[in-house]
Amino acid sequence: MHEPVLTEFATADPEQACALIAEAYRDNRLRVRGSVENYRFEHNRCDLGDVHLDFLHNTLTTEVAVQPLDRMVLLRVLGGEIEIDDGINDRRLGPGDVFAGPHPGHDYRTRMHGTRLQVTGIDLALFTAADPAQDGAVVERLWYQPVSAEKARRWCQTVEYVTGLFAEPGVESGPLVLGAVGRLMAAMALDTFTTGEGEGRPCDRRDGVPDTVRRGVAFLETNPDLDLGVADIARACRVSVRALQLAFRRHLDTTPMAYLRRVRLEQVRAELRAAGPGDGTTVTGVAAKWGFLDGSRFSAQYRAAFGESPSSTLRGP
């Protein structure tokens, strides 16, 4: 682990994008479908040595063939879709999915459709340094399908916490902090993306509702910060929009978007209740953060949900 190195890169040239991927990840072959004039590639990185925290965005459909990464790469899809084929798994992932990427020891192909990704890379040596018994075992235990909502939420919170620690350029962090961050990321990765002996697919404990509703609820509760429409939710549940709407109406007596609004209202309430005196928190600011831009409508929805005004929550004990 070393002091953070922050980099930002953007280009409209596919050849430059190919070179950046080669430098940041591995040698590759990149091809863009569509007019190159409309292409844009962005890549931001916080490099800590054994751990890197990246944001990647590309427009259009971009196909990339990449050599083995020799590290654990953990992904969260923020927008668009991504397909990954590493010869073992052939997957298509959408907004909100949190999963282990390609097998560390295999070539792979990926096709990104206007994708925005949160990418976390962890050197395999970090696991064996912490526990020599893990040598080789981590790769064999990796779970390559999207993890459960609870695991995804904890992973996202961890990544956001670590990213926040190093968001300010020029702020030095000592070896004790960097070492602790490395161990934290390795431990959370093991807990989130691997299965133990005899353990099957991670799943949510939501009984009494069909799979479509269960997947929809898990997706919305894990990803209330994403810019979502009903089509995005249906895609995440692998069903049609009509099927999703019928399932929510039949079993929850609501709509997917109304459920998402309630989840976001709960996020607003939690932030208002956690605000401290003089910390600058405002109802308008928190509401806007969670997508509520119409003040009067937001206040009415908040009062209907919680029986008090948002300003009362903010002023409360």
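Visitor: How many residues does the largest nonpolar core have?
Guide: In this predicted model, the largest nonpolar core has 29 residues. Those with the most contacts inside it are Leu-48, Leu-74, Ile-122, Trp-155, Met-185, Ala-189 and Phe-193.

Visitor: Which elements give two or more residues to this core?
Guide: On the strand side they are E4 (51-58), E6 (71-85) and E8 (98-100). The helices are H2 (124-130), H4 (149-165) and H5 (175-193).

Visitor: And where does the largest share come from?
Guide: From H5, with 7 residues.

Visitor: Back to Ala-189. What does Ala-189 touch?
Guide: Leaving aside residues up to four places away in sequence, Ala-189 touches Met-72, Leu-74, Ile-122, Phe-127, Trp-155 and Thr-194.

Visitor: What is in the second core?
Guide: That core is separate and has 23 residues, including Leu-20, Val-73, Ile-82 and Ile-84.

Visitor: Changing topic: how many bridges join E6 to E7?
Guide: There are 4 bridges, and the two strands run antiparallel. Asp-85 stands opposite Asp-90, a residue of E7.

Visitor: What lies between E6 and E7?
Guide: 4 residues; the two strands form a hairpin. Gly-87, in the turn, has a positive phi of about 85°.

Visitor: Which E7 side chains are buried?
Guide: Arg-91 and Leu-93, which point to one face of E7 (residues 90-93).

Visitor: Now the helices. At what angle do H6 and H8 pack?
Guide: Helix H6 (residues 211-222) and helix H8 (residues 241-252) pack at about 95°, and their axes are 9 Å apart. H6 and H8 are therefore roughly perpendicular to each other.

Visitor: Which residues meet there?
Guide: From H6, Thr-212, Val-213, Gly-216, Val-217 and Leu-220; from H8, Leu-244, Ala-247, Phe-248, His-251 and Leu-252. By class, the contact has 7 nonpolar, 3 polar and no charged residues.

Visitor: What about H7, which residues are buried?
Guide: In helix H7 (residues 230-237), the buried residues are Asp-232, Ile-233, Ala-234, Ala-236 and Cys-237.

Visitor: What covers the buried residues of H7?
Guide: The cover includes H6, H8 and helix H9 (256-274).

Visitor: Last one: what follows H7?
Guide: Arg-238, with a positive phi near 60°.

Methods. Residues numbered from 1 in each chain as written. Predicted model: local features only at pLDDT ≥ 70, side-chain atom pairs only at ≥ 80, totals over all residues. Heavy atoms only, no water. Core = buried A, V, L, I, M, F, W, Y, C linked by side-chain atoms within 4.5 Å. Buried < 20%, exposed > 50% of the residue type's maximum accessible area, 1.4 Å probe, protein only. Contact = heavy atoms within 4.5 Å. Axes fitted to C-alpha atoms, helices over the stretch in contact; angles between N-to-C directions. Parallel < 35°, antiparallel > 145°, perpendicular 65-115°, else oblique. Nonpolar A, V, L, I, M, F, W, Y, C, P; charged D, E, K, R; others polar. Pairing = 2+ DSSP bridges.
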